[in-house]
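I opened the model and kept notes as I went. The entries follow in the order of looking.

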Amino acid sequence: MSSLLTIDGLTKHFSEKDSLIRRLRPDQEVRTVRAVDDVSLDVKEGETLGLVGESGCGKSTLARAAVRLIEPTDGSVYFDGDEVTGFSRSELREFRSEVQVVFQDPFASLNPRYTVAKTLMEPMRVHNIGANDTERRERAASLLERCGLGAEHLDRHPHEFSGGQRQRIAIARALSVEPSMLIADEPVSALDVSVQARILNLLDELREEMGLSMLFISHDMSIVRRVCDRVAVMYLGKIAEVAPTDRLFTDPQHPYTQALLSAIPVPDPTVERDRVHLEGDVPTPIDPPSGCRFHPRCPKVIPTEGWDGSQAAWQRVLALKRRLAADELDAETTREHLEDERKSVSDDAVVQELYDEHVARKGVADAETVSLPPDANDTVKSALQRLVAGDRDGAVAMLERSYTTPCAREEPSLTTHGAGTHQSACHLHDPSFVTQSKSQNGELAVDGIASGDAR
Amino acid sequence: MSTSNYAIKRTLLLVPVLLGVSLVTFLFIRLSPSDPVVAMLPPEAAAQQNIVNELRREMRLNEPLYIQYTYWLWDVLHLDFGYSYSQSARVTSLIKSSAWATAQLSFFSFIIGVIVAVPTGVISAVKKDTWVDNVTRVAAFGGISLPGFWVAIMMILVFALFWQNWFGAPLIPSGGYATLSDGLGTYLRHILPPATVLGTGFAALVMRMTRSSMVEVLQEEYVRTARAKGVKEKSVLMIHALRNALIPVVTVMGMQIGFLLNGAVVIEQVFQWPGIGRLLYMSVLSQDLVTVQGIVLFIATVFVVANLVVDLLYAYLDPRISYE
Amino acid sequence: MAIDTKHSENRSVVDQVGSRVRWLVAVYRRLDLSAQVSFWIVAAISVAAAAAPLITPYAPGEQLAITADPALKLHPPTPANPMGTDLYGRDVFTRLVYGARSSLAVGLLAVGIAATIGITAGSIAGYVGGWVDESIMRVMDILISFPALVLAITLVGALGSETVITILPVLGELLASLPVVGSWTSNNIINVIFVIGLVYSPQIARVTRGEVLRTSEEEFVEAAENTGLSRVRILVQHILPNSMAPVLVQSTFLVATAILFEASLSYLGLGVQPPIPTWGVMISNGQGYLPDSWWWTTFPGLAIMVTVLALNLLGDGLRDEFDPRSATDGGPN
Amino acid sequence: MSDAQTTLSDADIDAETEAAQVCSDDSLLSVRNLQTRFQTAGETVQAVDGVSFDIAEGEILGIVGESGCGKSVTSLSLMDIVPEPGEVHGGTVRFDGEDILTKSPEEKRQLRGNRVSMVFQEPAKALNPVFDIGWQVGEPLRVHENLTKSASRAKAVELMRRVGIPSPEERVDDYPHEFSGGMRQRAMLAMALACTPDLLIADEPTTALDVTIEAQILDLIQELNVQTSMSVLIVTHDLGVVAEVCDRVAVMYAGRVVEYGDVEDIFANPQHPYTKGLIDCVPDPTADEQSLEAISGTVPNLADTPEGCNFAPRCPHATDECRQIDPRMRAVGDDHYSACLWEDPS
């Protein structure tokens, strides 16, 4: 199978609203949202490639940049051998008849003032399909029928239809220019489940019948599993893992994919799953974390050499360090709070309180209480003492010296598993990192993903 | 961006706008169809060649336009708006005394407006689509639709002229200015009638805005959250809802300062109130364009600064705004 | 065959007009009672203004004290002169009806000018964005920094006895070709129309820009880009038609405001000049003859109030109908 | 129709009988024949049309259904906070032995946020944007327990810590827009927990959240349920959420509960054709090849429901009886009720 759409090193950065006055002020940097960062992917002819990830991971931006609905910052895109990123205005217009987008919200993606006929005939007119309006109208009618509606709907307006029917009209519009590829951006996420199934079935039939290739964007792993041949998982503007669908679901290699899969609620009460608990929120793509972008939330983040505590404890130490560095801990507020509670406000009490809050996580309903290995315990406490003494930088430096993860140091590159169609970007699959961590922590290797690796 | 940064940014934005305002003010006198000097002077002064020459020199009419503007701006920045030949006084001192009269008037109308409008708006929103709401709605639109000068005339007709016929003495004077030193009663009898007329339209607009803002806020989910928390209905309305509803109302109030100034031009004329609006009107009538220029620039600056204050107040009321 | 197609096209035009009318009737039916009543009031005033000569036997400048009865000076209302006569023996009712012409013409034409400037500037600013947006909106900011009436009397004052037509001959000719208005070209009323139009254009520009920005974010615009439609067509066919409802609603309010505005200007003697009758001038002239000749000032004031109130209530009804936010009130679930 | 299909003798029962069958007297919350309608100028929408169910102490009940089925309105009706123009116009809601609906507004208010609290779908909208988090989390304590401002703030810090908001001492002064989606929902939960309620009503608590955050919030709700033995009512459209966290479930369709009972039983052995259809059209992330069966047709208009069974027009097994008789739930197993005329409609 040859590749139809090739995305090579595509990057899209948005600048936050920039203005003269902002520039006049030295303390304000223009922050860049790194929505898509150096992504390479390809969609093969006749294939459906799924693109999954949580909100804000850049999947929609990637798709829009790939077809130049927004202009990419860097990288190139090829369609059928031609470089889309180099297209002139008129070439781009021609290209629009090759790749069509089905949008997420059928209530927003149809012009409320257009009748169905007008909606369907406008793209045909732009691309000179059909000799005259009579012919185009006939084509529109047959497209509509193909998508499960009737010719009698041609003269109606979108508000007369239900969500599912509107999505059918949107699909018919996409097909009206006889494209060879569809980009479906969350095409069913705005619909009820019973309607979802019908739209997915329709897309399936059309794809088979017309030999369409498809880039299917979704946040819903269950739907992706049903629809796609291959799946790419995105996290914060980067591809974490790409694999044929069955491989991805049965043998996920990236810790993020594993967490994502384990988080989906399964509609079967008898299944008791071992859920991978992901700490924290999805960070914003402004100032993404260094190294592997997933490392602050990663349940398998590689410990420093000689770490002999549990993985959970290791994560707490890293989290404490991060919060210290981001100046999220304030000893004085904690002291005030202790005072409110009429507890001791000595420095030791404040240190203990901070320790309980950020390391042990005592009293938090959904977190386990961990204990650190003795030496780590001492270091962490003395770092907190420094913070209480007013030396935040010293506290950060102290933790930085003893506790850093290799995951934060450099970006992982995609490594191949098995037959070559399965790739993931995780340091655990990088031989140099794995030997390093395996040597001092046997538990990790078992727990780690290395077990599934073809070695 | 912190609130103080927002304030700085917003204040800096003022500079280009004020420059533009001054440029427009400068240009529409200089570019008026007739000879600017003749146009600027009242006819009796224009006839005197020495005055014309003096003005020509003062305005540096032989220099290029941008030089003229620079000199003019420089004077304006030193609060020197030139000399009024029709009133034989410095424009700055004319503005100073009449602005104080208008400020008192606006203050009273503002207070009257707010006291009436905000509570009525809230009640109207809470009783949406009942007769209370309908009555206040028509009343509000009546307030917006009344020609202020006509109401002023009718007010004088009834409370001054007719009243005198009926009871021997007028309830209100038929116009004129009084200060607090004339006694509180006299002062109020003079200032309340024009302030009420001015405040009517203002109150009507604020009331409509309060109502629609409140209606919208009452449909918000956080109001439901407050009810679900068991907050007393009075607190739901007066704390959770009103605090949010007031945010757009404050903006509208800021914009309506312009409304008050508009009204002042006409109402001051009817009530013979020696304010800035009347000064402007007299200057326009006597073709005293130097004075007109000064007043217009002054009014526009007041208006722009007032909107700045409102914007900053807005940022204070709405914690989200500074993060835009 | 060719005739057939043409016939069907004609039919479709008729259908389109029919569906427009049906739509308007449907909109009218959904209006609340006060807006419906207001609609008929506005309609009645418009018809009276247009058909003024059929409604009253007198001419607006006719001095009845000379042509009919010398007693008809400052005469109180009688069946023949239902609103009395003024100092010159002119019929107040007649002048009121002809005054409606100037009020409505000023209101509609001024808002027409404001809409032309405002919609053009606002949609370009909103759609093109960047420095174009910045510069257009800064200019609008500056214009809006002057209280409208202050700006207007200054401009009218600065223009003096010259009319805009000497400065803008093309527009003047355009106006001269209109009925009624055509005969006004040498009158100050033209200045009033232009000044009010200019003063209100930033308001329409702001609303238009906001709506265009909002609509541009809609997915159907992205979908239109995806079909390869040109940017101009996207603006004209997709964005503008979906942005106009709030602009139209606002225009209704602005017509009302412009009428009030003209009355104020005319009252101050800076607006419409004689011999064209206007309500503002009538009030101003009659003011000196209070309290005895109360009819001379009272009726024009009521006329302004009723007209403006009806327009405002109609605008409010239309806003309820077209405001997307109140249309999406949460129903069950 | 297969021979196995038999009509039940007591098919023609009414809503009261259904309530009597479904509800017991000793549960924490017992909803019987609840009716809520929305009256507008033109029409009356019967959003909740005689709903009955129970929640026992410490139990998690799920209400599941598609949009427009009346599940959210049901949850709002329980505390009588249905927005205008909606009104609860029938039925009883017995909480701890007393009918909430007949109480005075003041008594209802004292229950809300105190013994029964709620969290909503969109934490971004459900939190008031102009007050800080501490003020809002502490508010139920000021309202119901007369705590002072500073005391409620201190308590808010503890509550926020409990629901896993890091550095609560600092974040207590933040405004909602400074919180991420997951943190906002945690703050909502902290607020709901303030007065240690007996019942938590969660209306689509995770719909607006990403899947990894959804997992966190569901875990948290489950943990809180275990630790405080607080009963939970979860309203959701996601069968996965129901399967994951609920002990029992009520499936709603067009303003009615059509199937009700033990979760495992209902998923393993769904009795109502709608429940079957719903289960069949949800893709299972753990299954490989699957073809989804879609339910044909559309949800009926609640202002004008069909004669007979509401689901009959979309039901593949509907008979003439289905189009005439309006079925009500009756027991089809141990703690398993279904509102289908037929014992085995397939």
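**Entry 1: the annotated span.** I looked up chain D in UniProt first. An unreviewed entry there places the feature "domain: ABC transporter" at residues 29-279 of chain D. UniProt positions are in the numbering used here, feature names are shortened, and annotations may be inferred rather than shown by experiment. I then checked the geometry of residues 29-279 of chain D: the end C-alpha atoms lie 27 Å apart, and the span is 40% helix and 27% strand. Helices (H or I, at least four residues) and strands (E, at least two) are DSSP runs, numbered from the N terminus.

**Entry 2: ground rules.** This is a predicted model, where local features need pLDDT of at least 70 and side-chain atom pairs count only at pLDDT 80 or more, while totals for chains, interfaces and linings use all residues. Residues are numbered from 1 along each chain as its sequence is written, chains are lettered from A and ligands numbered from 1 in the order in which they are written, and side-chain values use heavy atoms, with hydrogens and water left out.

**Entry 3: a sheet in chain D.** I traced an open sheet of 4 strands in chain D, with order 2-1-4-5 and antiparallel pairing. Strands pair if DSSP finds at least two bridges between them. Strand 2 (44-55) and strand 5 (98-99) of chain D are the edges, each pairing on one side only. Strand 1 (residues 29-39) of chain D runs antiparallel to strand 2 of chain D, and 9 bridges join them. I picked out one facing couple: D:Arg37 is opposite D:Gln46 in strand 2 of chain D.

**Entry 4: charges over rings in chain D.** I count a charge as over a ring if NZ of Lys or CZ of Arg is within 6 Å of the ring centre and within 35 degrees of the ring normal. D:Arg142 has its charged end over the ring of D:Trp135, 4.9 Å from the centre. D:Arg171 does likewise over the ring of D:Phe179, at 4.4 Å from the centre.

**Entry 5: aromatic pairs.** How many aromatic pairs are found over all chains? The search of the whole structure gives 32. One of them is B:Trp163 with B:Phe167, a tilted pair at 4.8 Å centre to centre and 50° between the planes. Rings of Phe, Tyr and Trp (its six-membered ring) pair if their centres lie within 6.5 Å; planes under 30 degrees apart are stacked, over 60 edge-to-face, the rest tilted. Both residues, B:Trp163 and B:Phe167, lie in helix 8 (residues 148-167) of chain B, 4 residues apart, about one turn of the helix. Ring pairs tie B:Phe159, B:Phe162, B:Trp163, B:Trp166 and B:Phe167 into a cluster.

I checked exposure next. Buried means under 20% relative accessible area, exposed over 50%, partly exposed in between (1.4 Å probe, protein chains only). B:Trp163 is partly exposed at 23%. B:Phe167 has 54% relative accessibility, so it counts as exposed.

I then took a pair in chain D. The ring centres of D:Tyr253 and D:Phe311 are 5.1 Å apart and the planes are at 85°, so this pair is edge-to-face. The pair links distant parts of the chain, 58 residues apart: D:Tyr253 is in strand 9 (residues 248-253) of chain D, and D:Phe311 is in the loop between helix 12 (273-281) and strand 11 (330-333) of chain D. Both D:Tyr253 and D:Phe311 are buried.

**Entry 6: chain B overall.** Chain B has 13 helices and 2 strands. Its C-alpha atoms fill a box of roughly 80 × 65 × 35 Å along the principal axes. Of the 324 residues in chain B, 52% are buried.

**Entry 7: helix 12 of chain B.** Is helix 12 (residues 276-285) of chain B mostly covered or mostly open? Helix 12 is mostly covered: 8 of its 10 residues are buried. Among the buried residues are B:Arg278, B:Leu279 and B:Tyr281. The cover includes helix 6 (91-126), helix 11 (233-270) and helix 13 (289-317) of chain B, together with helix 7 (148-159) of chain C. B:Gln287 follows helix 12 of chain B and has a positive phi, near 55°.

**Entry 8: strands in chain A.** Strand 6 (residues 99-102) of chain A is covered on both faces, with A:Val99 and A:Val101 buried on one side and A:Gln100 and A:Val102 buried on the other. Strand 6 pairs with strand 7 (residues 181-185) of chain A in the parallel sense, over 4 bridges. A:Val99 faces A:Met181 in strand 7 of chain A.

**Entry 9: A:Ser218.** This residue is in strand 8 (residues 213-218) of chain A. A:Ser218 has 4% relative accessibility, so it counts as buried. A polar atom of its side chain lies 2.9 Å from the backbone nitrogen of A:Asp220. Leaving out residues up to four places away in sequence, A:Ser218 touches A:Leu51, A:Val52, A:Gly53, A:Lys59, A:Glu186 and A:Val224. Contact here means heavy atoms within 4.5 Å.

How values were computed:
A polar contact is a pair of N or O atoms within 3.5 Å; within protein, one must be able to donate a hydrogen and the other to accept it, and residues adjacent in sequence count only if both atoms are side-chain atoms.
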